[in-house]
Amino acid sequence: MKRRTLIVGAAAGALGLGWVLRPREGGADHAPYFLQLSAALDEAGLAKPSLVIDRERLLENVRTLMGHIDGRFHYRIVAKSLPSLQLLDTVMQASGSNRLMLFHQPFINQVASRYPQADVLLGKPMPVAAAHNFYRQFGGGGFQPQRQLRWLLDTPERVAQYDELARNLDHVMQACIELDVGLHRGGVRSDEQLLAMLEMIEASPNLHFCGFMGYEPHVVKVPIGEAITYRDRAMDLYRHYIHVARGYLGERWPQDVVLNAGGSPTYQLYDRGDFPMNELAAGSCLVKPTDFDLPTLADQVPASYIATPVLKRLDSLEIPGIDLGPIQSLWNPNRARTFFTYGGYWKAKPESPPGLLNNALFGRSTNQEMLNGSRNINLEPDDWIFFRPTQSEFVFLQFGDIAVYEQGRISQRWPVFAEQPA
Ligand SMILES: Cc1ncc(COP(=O)(O)O)c(C=O)c1O
């Protein structure tokens, strides 16, 4: 055989192989769940990007969570991941918990005025000026910050700042100490540091030591099979610091001490065994954004979606300039059609109809986003596309009132937390 024939043959073979290996067509129309949800959104007159919570799935997730915790710990609701008073209300009622974890000063004020019975623990240390702003904006009422608000303190310097604020305001402030149990995101890292902080708190007439917070999400980020080792290491550190503090405080160890740990990714690791904390925090797992598609949360179901209308449909893919669109759709049958959506570029992944793809060549847009799909996807303008948020805390705040989906219809609208106090 001639050399040229060989080269041509090899090239044709490679092309043929490439053709065989090209992506398979995967698109489909909405499954019945999303068709019904679309009908509910239409019936409610919605016609803009909207955050939807499926209330029945949310409640199922609360039951799953409480089943794991099984009365062995208190449950603390992570409010930043469920950023709406009505959403929190639903979870508080379903779980029977009044313990909330908050991370943002304006939201603490909103919770304090709405839930006089709440027990609030900060999930991160706040600049002392933010704490001051809380008291400035606090409108009084049943909520008693001196008993029900636990500030998180991470260093002796911050203890000194809060001590000064508490003295100036002539207020009693509850002080919870942040422990580093392996995450290395700050908090106490040595006995000396812990003892220095306890000594300062003890010396202050206005600060009351109320417990520890030791967050350990790193435990599920380590190589598979190591999680239990890392969990046990984190718990040994937690136990150690409790031992040191109890040794120092003796009788003064608080009766109603708060010993907080856990988060959505880890809370199921404490189903069995003896652990030093007395409460577990979790929030995201109740709405389950895609970042929480984890083996440790396999039994919790997605309960939140972004729904947005289709504005335009094209039966081709066209890209301005050197038009590689036809080649893209020839190569990938999941790029045969083009849809433009109302808004886009959220921290979210397309969920339904299945098989929708972003197009990096065309680019992303927060105004009208291009999505490509196969010929099996028969969306028309005004139909709905659904995404799953990758996380809840920031994404949920971008759509105005949450649309609550229940028994086939949009039953309520839940305002989200406001940046400014009401
Ligand atoms: C201190 C603390 N505890 C718990 C959580 C868990 O929150 P979620 O359950 O929403 O992941 C977080 C999340 O950032 C956190 O910072």
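Axes here are lines fitted to C-alpha atoms, for helices over the stretch in contact, and angles run from 0 to 180 degrees between N-to-C directions. The model on screen is predicted.

**Helices 9 and 10.** Select residues 191-203, which form helix 9, and residues 227-249, which form helix 10. The two pack with their axes 10 Å apart, at an angle of about 40 degrees. That angle makes helix 9 oblique to helix 10. Turn the view to look across the pair: the crossing of helix 9 over helix 10 is right-handed.

Now show the side chains at this contact. From helix 9, pick D191, L194, L195 and L198. From helix 10, pick Y241, V244, A245, Y248 and L249. Colour them by class, and the contact of helix 9 with helix 10 shows 8 nonpolar residues, 1 charged and no polar.

**The ligand.** Next, select the ligand and the residues that surround it. They are V78, S81, M101, G123, Y215, G263 and S264, together with the run A281, A282, G283, S284 and C285. How does this shell around the ligand divide into nonpolar, polar and charged residues? It holds 6 nonpolar and 6 polar residues, and no charged ones.

**The whole protein.** Zoom out and switch to a cartoon. The secondary structure comprises 11 helices and 17 strands. Along the principal axes, the C-alpha atoms fill a box of roughly 90 × 60 × 40 Å. Of the 422 residues in the protein, 43% are buried.

Technical notes:
Residues are numbered from 1 along each chain as its sequence is written. This is a predicted model: local features need pLDDT of at least 70, side-chain atom pairs count only at pLDDT 80 or more; totals for chains, interfaces and linings use all residues. Helices (H or I, at least four residues) and strands (E, at least two) are DSSP runs, numbered from the N terminus. Angles under 35 degrees count as roughly parallel, over 145 as roughly antiparallel, 65 to 115 as roughly perpendicular and the rest as oblique. A crossing is left-handed if the near helix is turned anticlockwise from the far one by less than a right angle, and right-handed if clockwise. Two residues are in contact if their C-beta atoms, placed from the backbone, lie within 7 Å. Ala, Val, Leu, Ile, Met, Phe, Trp, Tyr, Cys and Pro count as nonpolar, Asp, Glu, Lys and Arg as charged, and the others, Gly among them, as polar. A residue is near a molecule or strand if its C-beta atom, placed from the backbone, lies within 6 Å of it. A residue is buried if 20 or more other C-beta atoms lie within 10 Å of its own, exposed if 12 or fewer, and partly exposed in between; C-beta atoms are placed from the backbone.
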